[in-house]
Amino acid sequence: MAAHRKPRQRSLGGRTARTAFTLALAGVATATAFDGTGQAEPELTPAEVKAKVAKLYLEAEEATEKYNGVKERATAAEQRLKNLRDEAARKEEKLNSTRDALGSMAAAQYRDGGLDPAVQLALSDDPDRYLDGAAFAERAGDRQSAAVARVRGQLREIEQLRGAARVELTALRTRRAELQKQKQTITGKLEAARGLLARLTAAERSRIGEGTGGGATGARASRGAPGARTDLGAPGSGTADAPNSRAAAAVSYAYSKLGSTYVWGATGPNAFDCSGLVLAAYRSAGVSLPRTTYAQIGVGQRVSRSELLPGDLVFFYSGISHVGLYIGNGQMIHAPNPSAPVRVAPIDQMPFAGAARVV
């Protein structure tokens, strides 16, 4: 019987090899297209970069105001928790004094040959057992009965305070988690904006009005830029036309901070976000403002655009996510975003949403 032979393998050569290689490349290209990798992002024009960056800054500012609001509530929760713990500690000191007094009575009774059951329960290390056995107090003398009742009441008060503290601590942990979430959103938006701006040359960034960032470099760039003389001018009529001395003081403070760095979450003295700047300006005038734009618009008296006076707060965008301090002649001082320091700008630069006269 004839032996079976394997068919001879043909080597790939010439046209066959070239065809196979071409097909392989096509397959790789097709697979790459499907999995979304390897595709170069389309080149954006400077104008498109400017639009995308502006959107990212707006989204970051919205997240910043949410962060500011949550931080304000978290700070308040921390203070409430501290107050609850301090009050519980004070009541525990009073409880210890009361139990010490009962201990003195117990020692006297022991010397006299007996220890009242009610006193034994009051001095017990198990308060629940004491509370369950409160009926024993009826068998104690009047003085002991009153002392035992005080212990029982103090124990209950302390437990109520501890319960309230546990609730406050849970709320605080929730707010801290939310703070972290908002922080990640903000930093992500700002990183994306920086990445887009990094694609442009310095000349292109200058043409679209975007600096390389806040900070000292941004402040120096603002001073050296066209119109810097106006941006860094004196208060002038801004304080003279203010409705009162406190509004004038707020305007004067804002002028003194021109060129300061934008830092989200900051309220001064050398760096600010938008709501932090107006908060600091009025704080310098002895007026306390809420931390966020959403709350600031509800302070004082709402005024129309035609009624604006220096010192009024001017708000922008439908979500009330940006604020500036009006200084007259259609101008405001505001902290724009991380690419620009505190500066003077026209109020028609952004979609106007409303205004409030604080004082």
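## Helices over the sheet

Helix H11 (residues 274-283) lies across strands S4, S5 and S6 and runs at about 45° to S5. Helix H10 (residues 245-256) lies across S5 and S6 (331-334), at about 110° to S5. Helices (H or I, at least four residues) and strands (E, at least two) are DSSP runs numbered from the N terminus; axes are lines fitted to C-alpha atoms, for helices over the stretch in contact, with angles from 0 to 180 degrees between N-to-C directions.

A word on what you are looking at: this is a predicted model, where local features need pLDDT of at least 70 and side-chain atom pairs count only at pLDDT 80 or more, while totals for chains, interfaces and linings use all residues. Residues are numbered from 1 along each chain as its sequence is written, and side-chain values use heavy atoms, with hydrogens and water left out.

## The sheet itself

Follow the strands across and you meet S3, S8, S4, S5, S6 and S7, in an open sheet of six with antiparallel pairing. S3 (301-303) and S7 (343-346) are the edge strands, each with a single partner, so one side of each has no neighbour in the sheet. From one strand to the next, the twist averages 40°.

Strands pair if DSSP finds at least two bridges between them; S4 (residues 313-316) and S5 (residues 322-328) are joined by four. Here Phe316 stands opposite His322 in S5.

## Nonpolar cores

A nonpolar core is a set of buried Ala, Val, Leu, Ile, Met, Phe, Trp, Tyr and Cys residues joined through side-chain atoms within 4.5 Å; buried means under 20% relative accessible area, exposed over 50%, and partly exposed in between (1.4 Å probe, protein chains only). The largest core has 57 residues, and those touching the most other members are Val53, Tyr282, Leu313, Phe315, Leu325, Ile333 and Val342. Two or more residues come from each of H2 (46-111), H5 (142-198), H10, H11, S4 and S5, with H2 giving the most, 13.

Ile333 has contacts (heavy atoms within 4.5 Å) that include Ala254, Leu277, Leu325 and Val342, leaving aside residues up to four places away in sequence.

## Loops worth a look

Between S1 (261-262) and S2 (271-272), the loop holds Pro269, which a cis peptide bond joins to Gly268, with omega about 5°.

Tyr317 sits in the S4-S5 loop and is partly exposed at 22% relative accessibility. Asn329 is in the S5-S6 loop and counts as exposed, at 69%.
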